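I'm opening my notebook on this one. Below is what I looked up, entry by entry.

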Amino acid sequence: TSQFPAPTIAVGSGCMATPVTFARQAARGIGRIGGGFGWPQVCVRGMKYNLFPPLDFLAYLKRIHVAYHPGRERTEVARKLIMHMTSEPTKKRWPKLEASFELLGYDAPATIDVEMLDGRKKR
């Protein structure tokens, strides 16, 4: 046997979960994507490592334009996206990303226009 303990897989609860706990959570559907818990982590000697860190979708875009009416209901996602894509850390991380937004003066649904790195456009 080794002097170091075997790595344990923890879901959302830090390094305290055991493989048995992970199996129970997976059986209940907690550890899957969209299950409500965080990404699986491997703990080795008390250090946490993310196995599958979430990727930011802005890494795959060349251009993004968001248009929304601030007074309309359920436009919180559009506002958060604008805050995210115009933040300084995002601009530093992806300097070639062309991000723009438009505040509409009339009641209309929010729209997002994107152009992928390979030239495909979606609305």
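Helices (H or I, at least four residues) and strands (E, at least two) are DSSP runs, numbered from the N terminus.

Ground rules. This is a predicted model, where local features need pLDDT of at least 70 and side-chain atom pairs count only at pLDDT 80 or more, while totals for chains, interfaces and linings use all residues. Residues are numbered from 1 along each chain as its sequence is written, and side-chain values use heavy atoms, with hydrogens and water left out.

Entry: the hairpin. I found that S6 and S7 make a hairpin with four residues between them. Gly119 sits in the turn and has a positive phi of about 100 degrees. The two strands pair antiparallel over two bridges, S7 being residues 121–122. I noted one partner: Val114 bridges to Lys122 in S7.

Entry: the other side of the pairing. S4 and S6 also run antiparallel, joined by six bridges. Ala67 has Thr111 of S6 as its bridge partner.

Entry: helix H2. Which residues of H2 (76–85) are buried? I got Ala78, Leu81, Ile82 and Met85 (buried means under 20% relative accessible area, exposed over 50%, partly exposed in between, with a 1.4 Å probe and protein chains only). Seen down the axis of H2, these fall within an arc of 100 degrees, so they line one face of the helix. That arc is taken from the directions from the helix axis to the C-beta atoms. Lys80 and Met83 are exposed on the face turned away from the buried side. I also checked what covers the buried residues: S4 (61–68), H3 (88–93), S5 (98–103) and S6 (111–116) are among the elements that do.

Entry: Are they buried or exposed? Arg74 counts as exposed because its relative accessibility is 81%, whereas Thr75 is buried at 9%. Phi of Arg74 is near 60 degrees, a positive value in a residue other than glycine. Most residues other than glycine have a negative phi. Leaving aside neighbours within four places in sequence, Thr75 contacts (heavy atoms within 4.5 Å) Tyr68, His69 and Pro70.

Entry: the core. The largest nonpolar core has 13 residues (a set of buried Ala, Val, Leu, Ile, Met, Phe, Trp, Tyr and Cys residues joined through side-chain atoms within 4.5 Å). Leu58 and Met85 are among those with the most contacts inside it. S4, H2 and S6 each give two or more residues to this core.

Conventions. Pairing = 2+ DSSP bridges.
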